[in-house]
Amino acid sequence: MPRAYMFRTDKRPLIPLQELIDLKMIQCKRVVNEVLSTVDFVAPDDRVVFRTCEREQNRVVFQMGTSDAERALAVARLVENDVAGIDVNMGCPKEYSTKGGMGAALLSDPDKIEKILSTLVRGTRRPVTCKIRILPSLEDTLSLVKRIERTGIAAIAVHGRKREEQPQHPVSCEVIKAIADTLSIPVIANGGSHDHIQQYSDIEDFRQATAASSVMVARAAMWNPSIFLKEGLRPLEEVMQKYIRYAVQYDNHYTNTKYCLCQMLREQLESPQGRLLHAAQSSREICEAFGLGAFYEETTQELDAQRAKLSARTSEETGEPAEDTSGVIKMAVKFDRRAYPAQITPKMCLLEWCRREKLAQPVYETVQRPLDRLFSSIVTVAEQKYQSTLWDKSKKLAEQAAAIVCLRSQGLPEGRLGEESPSLHKRKREAPDQDPGGPRAQELAQPGELCKKPFVALGSSEESPLEGW
């Protein structure tokens, strides 16, 4: 998802931030993910809405979209132990935000702004900030920011454009400067990516032009995060490879990874690599497009092994009997839809073989692991059980993997491209299983969950998030 960063005057580390809607967050449960060493905020539908880790704890400022003071406070209290600060986005001009009374819609309701910010300042232990856009007149803008300052917030970020203005409109450095000259709290200048910030030195130039305490960078940082390196921009290929590795290691959803990579490629989206990225429908395919297929396989196997180890340890600690798997033939396999023709699956091949051999049809027993919501299936054929040792994201994928184990154990064709069983074509083809979580499925981003222009940060950690460059 998009990230924004604050460049502090002391030039110490930069802090990422993303906006999330309070209505979504308030439904979430805080879960410690021991496999990834993260803290996950998980919605009732098991979707991870926000994920952070100990390394980010003193850096990340949680930015929310909200239109209600009590709801905002409930969310702040939910996340305050895992973040460095709480920010309210009052600058997002997108319809999904403003139609709910959030984002830039708040700029026309100063009473509500004051109530939300005052409630947060009184009710949370973390610093509270907000981000605004400028109003049509300088007088009205200064009147608003003075009122905001009186709520007791720690800092204010100012996007130097009006609500209706787009990135191609010039940013009003003089208005940000007037605000900085008026207020006693830190002012964070925003909106310079299009015209002002193309390299590291431009960040300080923009700060001086606005007389701000610090600078918030969003789009320029999305295009190439190495803009924060004094040594200069790193090659885009290097940056993307590093980003993809982090995305896989922290199980980032592929649609989010794909969006961020598209922002980095920009005008190169029509290149051969850009077209491969555009066509990718899974994290695996994204990795393959960038020559990281082996890394993906190795990392996912390591994560699966950690999940299995943790699950076994949990069973021992709780005194629950472990599942009796004696006599089960196991292999570490997964079902890859791309390796099979559109109308053929391993389950179909196994069923057809059982019919031909006059055996009872396969019986699948599938369980879901509470720890991470992954699935494993055991198939029984002729009183013998077969199972993949790798857990899958859906019940149907797990069943296909179990069928593969059985077929390979018997030395039977599983329907892969180039080895289809001729007998399958003698019957009317059955529709293949459609797995909504499979590599060809795409989870659409939920409107209103993320603002394309997220915010930045506070903090004083000495360790740089760009370490290793």
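Where is the place of alanine 211? Alanine 211 sits in the loop between α7 (200–210) and β11 (214–217); helices (H or I, at least four residues) and strands (E, at least two) are DSSP runs, numbered from the N terminus. Welcome to a predicted model, in which local features need pLDDT of at least 70, side-chain atom pairs count only at pLDDT 80 or more, and totals for chains, interfaces and linings use all residues. Residues are numbered from 1 along each chain as its sequence is written, and side-chain values use heavy atoms, leaving out hydrogens and water.

**The whole chain**
- The protein chain has 15 helices and 15 strands.
- Of its 469 residues, 53% count as buried (under 20% relative accessible area; exposed is over 50%, partly exposed in between, with a 1.4 Å probe and protein chains only).

- Most residues other than glycine have a negative phi.
- Alanine 211, not a glycine, has a positive phi of about 60 degrees, and this residue is partly exposed, with a relative accessible area of 34%.
- Glutamate 383 also has a positive phi, near 70 degrees.
- Glutamate 383 lies in the loop between β14 (375–381) and β15 (384–388) and counts as exposed at 79% relative accessibility.

**A pair of helices**
- The crossing of α4 and α5 is right-handed (the near helix is turned clockwise from the far one by less than a right angle).
- Contact, meaning heavy atoms within 4.5 Å, is made by Pro110, Asp111, Ile113, Glu114 and Leu117 of α4 and Leu144, Arg147 and Ile148 of α5.
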